[in-house]
Amino acid sequence: MFENLSVYEDRYRELTEMMMDPEVQGNSKLLQKTAIEHADIEPIVNKYREYKTVDEELTENKGLFEEKIDEDMRELVKEEVKEGEEKLLRLEEELKLLLIPKDENDDKNVIVEIRGGAGGDEAALFAGVLLRQYIHYADAKHWKSELLSSNEIGIGGYKEAILLIQGKGAFSRLKYESGVHRVQRVPETESSGRIHTSTATVVVMPEIDDVEVDIDMNDVRVDVFRSSGNGGQSVNTTDSAVRMTHIPTGIVVSCQDEKSQLKNKDKALKILKAKLYDMELQRQTDAVSKEKKSQIGSGDRSERIRTYNYPQGRVTDHRINYTSHRIEEINNGDLDDVIDALTAADQAAKIEGVQERL
């Protein structure tokens with residue numbers, strides 16, 4: 001099944017020799033690039049070699065049945081064959097997981113953009129619930145969270161909130177949250193007890209280094225203005241708010257939460273870089289739309305992915321037909337069960353793609 005993995009062995013040997021080459025050792029960038037590729041494929045090579053060893057031993061043991069052996073020996077060989085087959089199956093599954101293409105963004109920090117959708121103030125209140133949910137999740141993971149930008153309606157809700165979460169593997173866990181989240185509940189302002197349906201959209205983007213996205217500031221119009229809304233005396237009396245418009249794409253980013261114009265500008269630039277990178281990722285995803293079925297974390301942003309039904313205490317993720325009746329715990333940041341289920345489904349779909357390639 002894995003015969004074509006010999007190309008990884010060949011490349012591994014080639015990279016090992018390159019790392020010993022004085023010319024490569026004298027070129028720090030080439031040496032680093034070679035070492036990274038060497039480290040990336042080493043687990044595959046080691047597992048493949050273990051697989052080949054077990055497969056050879058299994059073939060030898062099965063061959064013993066063709067020879068004249070006593071009954072005791074036959075029973076011993078049967079047991080070894082059984083153990084060998086079980087081990088080979090386990091190694092096959094481990095190899096499939098290792099062969100899943102690695103998402104280069106998985107270890108990165110994330111920028112989470114939450115917007116109230118259909119439903120007026122109730123949608124903004126739900127956006128606030130989601131914002132606090134992700135902050136609590138970050139706290140539970142011992143990650144750092146920082147509100148980069150917000151547009152608060154004053155009753156605990158947000159028309160828009162942009163959150164930076166810093167922690168190793170943050171993107172690998174939160175990338176599945178992108179999409180439309182729906183809430184069904186009785187608003188506090190509803191005297192008749194009628195259930196309302198509202199929505200909020202979530203976009204999860206990896207935080208981008210300067211090297212990954214090079215913005216020509218000649219393409220960016222920067223406007224400064226006086227902050228509005230909740231912000232305290234000094235925030236509302238100085239031109240500290242910043243609006244950046246990326247002219248080629250039309251992307252607009254505003255930041256006004258900081259008292260310092262410079263800090264707001266830095267935050268706005270961070271968000272703009274993430275949005276430009278995310279736009280390119282979406283373009284690439286659309287270009288290979290036939291593979292979207294195996295890309296749970298990067299599908300259509302307009303897709304309704306999850307429903308929070310308060311009267312039934314239920315949370316349902318529609319992509320994988322996952323349902324939990326722990327809505328209160330989930331709203332308090334206990335998202336691991338949902339994310340684990342999404343990760344498992346994503347890996348299963350990608351393993352199918354690996355099997356097709358093999």
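Biologist: If buried means under 20% relative accessible area, exposed over 50% and partly exposed in between (1.4 Å probe, protein chains only), which of these is D55?
Modeller: D55 counts as partly exposed because its relative accessible area is 31%. This is a predicted model, in which local features need pLDDT of at least 70, side-chain atom pairs count only at pLDDT 80 or more, and totals for chains, interfaces and linings use all residues. Residues are numbered from 1 along each chain as its sequence is written, and side-chain values use heavy atoms, without hydrogens or water.

Biologist: Where is D55 found?
Modeller: D55 sits in helix α3, residues 28-63 (a DSSP run of H or I, at least four residues; strands are E runs of at least two, and numbering starts at the N terminus).

Biologist: New topic: E9, buried or exposed?
Modeller: E9 is buried, because its relative accessibility is 6%, and its place is in helix α1, residues 6-20.

Biologist: What is E9 in contact with?
Modeller: Setting aside neighbours within four places in sequence, E9 touches V45, Y48, R49 and K52, where contact means heavy atoms within 4.5 Å. The C-alpha atoms of E9 and I41, which are 32 residues apart along the chain, lie 8.8 Å from each other.

Biologist: And M217, where does that lie?
Modeller: M217 is in the loop that runs between β5 (196-206) and β6 (220-225), and M217 counts as partly exposed because its relative accessibility is 37%.
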